[in-house]
Amino acid sequence: MTLTWTRKPFPDLTLAELYALLQLRSEVFVVEQTCAFQDIDGQDQAAWHLLGYAESGELAAYARLFAAGISYPEASIGRVVVSPKFRRYGLGRQLLQEALDAVAAQFGPQPIQIGAQQYLQAFYESFGFRQVGAGYLEDGIPHLHMVRP
């Protein structure tokens, strides 16, 4: 399955795009993972938003991208999510590669830091990320800081 990708800063998102990305994040990070947390964290305005659309026009994958110095000293990628409806097509790999390419295109080639859910460590390592520091709990979910040089 191939997605159509678009990358936008917050002010350029349409209301429909904003609604779709917030709905997807809530569906996965709040409902599916049964984790009550403040998803709307005040950082969306500083992010570039990467949206992957299926042929049907539905938002199938999403991530937000930050320049260095906003979330971490390095550039960063966060809220990496594939819609449950579109899983098992390899879209997670497609999404992360698109996010890595988008960070390089938007901010220039540079190290990238993420706060990864621990169970996805091997997935991120397959893209060159390495754990830095000790693991930690975020909203009751084990996480790791990881950096891709």
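Q: Which side chain meets D41 in a salt bridge at 3.2 Å, N to O?
A: In this predicted model, the partner at that distance is R79. R79 lies in strand β4 and D41 in the loop between α1 and β2, so the bridge ties together parts that are 38 residues apart in sequence.

Q: Is R79 buried or exposed?
A: R79 counts as buried, because its relative accessibility is 18% and the cut-off for buried is under 20%. D41, with a relative accessible area of 32%, is partly exposed.

Q: Which other residue forms a salt bridge with D41, and where does that residue lie?
A: R64 does, with the closest N and O atoms 2.6 Å apart. R64 is in strand β3, 23 residues from D41, and this pair also links distant parts of the chain. R64 is buried, at a relative accessible area of 2%.

Q: And what does R25 pair with?
A: R25 forms a salt bridge with D44, and their closest N and O atoms are 2.8 Å apart. R25 belongs to helix α1 (residues 15-32) and D44 to the loop between α1 and β2 (48-53), so parts 19 residues apart in sequence are tied together. Both residues are buried.

Q: Which residues are linked in the network of salt bridges?
A: The network links R25, D41, D44, R64 and R79. The structure holds 6 salt bridges.

Q: Changing topic: which residues touch the most other members of the largest nonpolar core?
A: Those are I77, I112, I114 and F129, in a core of 27 residues. The elements giving two or more residues to this core are β3 (59-66), β4 (75-82), α2 (91-107), β5 (112-117) and β8 (141-148). Of these, α2 gives the most, with 7 residues.

Q: What does I114 touch, leaving out residues up to four places away in sequence?
A: I114 touches Y72, I77, Y124, F129, L144, H145 and M146.

Q: Which residues does the second core include?
A: That core is separate and has 10 residues, among them L24, V28, L51 and L59.

Q: How many aromatic pairs are there, then?
A: The count comes to 3. One of them is Y124 with F129, an edge-to-face pair at 5.9 Å centre to centre with 85° between the planes. Y124 and F129 are both buried. F123, Y124, F127 and F129 form one aromatic cluster.

Q: Last one: where does T2 lie, and is T2 buried or exposed?
A: T2 sits in the segment before β1 (4-9) and counts as exposed, because its relative accessibility is 64%. T2 and V147 are 145 residues apart in sequence and 27 Å apart in space, C-alpha to C-alpha.

Key: Residues are numbered from 1 along each chain as its sequence is written. This is a predicted model: local features need pLDDT of at least 70, side-chain atom pairs count only at pLDDT 80 or more; totals for chains, interfaces and linings use all residues. Side-chain values use heavy atoms; hydrogens and water are left out. A nonpolar core is a set of buried Ala, Val, Leu, Ile, Met, Phe, Trp, Tyr and Cys residues joined through side-chain atoms within 4.5 Å. Buried means under 20% relative accessible area, exposed over 50%, partly exposed in between (1.4 Å probe, protein chains only). Helices (H or I, at least four residues) and strands (E, at least two) are DSSP runs, numbered from the N terminus. Contact means heavy atoms within 4.5 Å. Rings of Phe, Tyr and Trp (its six-membered ring) pair if their centres lie within 6.5 Å; planes under 30 degrees apart count as stacked, over 60 as edge-to-face and the rest as tilted. A salt bridge is a side-chain nitrogen of Lys or Arg within 4 Å of a carboxyl oxygen of Asp or Glu.
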